[in-house]
Amino acid sequence: MDRRSLIKSLGLGAVLSGLPGAGLLRAAAAAPSKAARKRVLRFAHLTDVHLEPELNAPKGLAACLHHIQSQKEQPSFIMNTGDCIMDALKQPKDRVETQWNLWHGLMKSDNSLPIEYCIGNHDCWGAGQTGDALYGKKYALEMMHLPKPYRSFDKAGWHFIVLDSIQTLPDGAWYTCFLDEEQYAWLQADLEANTTKPIIIFSHVPIVSAAAVVTDNKFKPGQGFVLGQGTMHADAPRLIELFDKHPNVKVCMSGHIHLYEQIRYNNVTYISNGACSGNWWKGVRSHTENGYAMVNLYDDGTFDNEYIPYGWTV
């Protein structure tokens, strides 16, 4: 039997399975044709601006916004995944107000695109101010015009889920990252109610991250890699198990670590895009330049993500 007849009789997959790199070949053979798909939505992912009056941060954000809006193929909106301001957690109220006033001023003067928000840890006001009604997330939610810190909505045939990664600790001094039981139950119900649309999930803190593990000297002799409680989702195994039940969950997108990475795990792609502020407006953060991402969503449930440095230098 010649080679052509063998392939026809056994099937392409059977022949590929015996070749080096067979897994990659099978994936390529099974991948949908990009030529056949149609883009239904394009948006910009902006995260970790850490806006403050110092370090030329206002000029940096303005430059980033201008870069986004100068794209030949313009996005329809901006998805912001938190840490809009430099810090509210350990700051007095007047400092927090100054930062948010800067934010809203720049959004009015230098941005014409709608914004969807996701709350970040530095957006939460606290540090012992427990007697104030705006303590915790309330003030940030008012600044973002959000009724609650998690929600979902539909755009162009895709289902968007925005999670709240941040759980402030009782003393107001720090935070940890997971979904409380109320939010987890809501997420379960939302996924069950949306089984036919491709789903994209946003969180400030990565649910799954490799870059967060290997940066910043997290290896401890005798212990291995040790992550702080604010590094990534502590409930990642629980969320991964939930996503396994919903194959229409396509991508989870986050910020927080100021590093660009893209991981494929259990048929879900986890993307952390780099920070607008880079290394908190002090240069490049571990090879990830100050930037944002352009994201394209397609009618067949596929997507692509391009991280774009906008040329900012200290």
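**Exercise 1. State what covers the buried residues of helix 4, which include those facing strand 1 (39-46), strand 2 (78-80), helix 5 (93-110) and strand 14 (291-298).**

Solution.
Step 1. The model is predicted: local features need pLDDT of at least 70, side-chain atom pairs count only at pLDDT 80 or more, and totals for chains, interfaces and linings use all residues. Residues are numbered from 1 along each chain as its sequence is written, and side-chain values use heavy atoms, with hydrogens and water left out.

Step 2. Helices (H or I, at least four residues) and strands (E, at least two) are DSSP runs, numbered from the N terminus. Helix 4 covers residues 57-69.

Step 3. Buried means under 20% relative accessible area, exposed over 50%, and partly exposed in between (1.4 Å probe, protein chains only). Among the buried residues of helix 4 are Ala57, Leu61, Cys64 and Ile68.

Step 4. The cover of these buried residues includes strand 1, strand 2, helix 5 and strand 14.

**Exercise 2. Describe how helix 4 passes helix 5.**

Solution.
Step 1. Axes are lines fitted to C-alpha atoms, for helices over the stretch in contact, and angles run from 0 to 180 degrees between N-to-C directions. The two axes come within 10 Å and cross at roughly 35 degrees.

Step 2. The crossing of helix 4 and helix 5 is right-handed (the near helix is turned clockwise from the far one by less than a right angle).

Step 3. Contact means heavy atoms within 4.5 Å. Residues of helix 4 including Pro58, Leu61 and Leu65 meet residues of helix 5 including Leu102, Trp103 and Leu106.

**Exercise 3. Classify the aromatic pair of Trp100 and Trp103.**

Solution.
Step 1. Rings of Phe, Tyr and Trp (its six-membered ring) pair if their centres lie within 6.5 Å; planes under 30 degrees apart count as stacked, over 60 as edge-to-face and the rest as tilted. The count comes to twelve aromatic pairs.

Step 2. For Trp100 and Trp103 the centres are 6.4 Å apart and the planes 75 degrees apart, which is edge-to-face.

Step 3. Trp100 and Trp103 are three residues apart in helix 5, so about one helical turn separates them. Both Trp100 and Trp103 are buried.

**Exercise 4. Classify the pair of Phe160 and Phe202.**

Solution.
Step 1. The ring centres of Phe160 and Phe202 are 5.8 Å apart and the planes are at 15 degrees, so this pair is stacked.

Step 2. Phe160 lies in strand 5 (residues 158-162) and Phe202 in strand 8 (residues 199-202), 42 residues apart.

Step 3. Phe160 is buried because its relative accessibility is 0%.

Key
Expected span 1.5 Å × (residues − 1).
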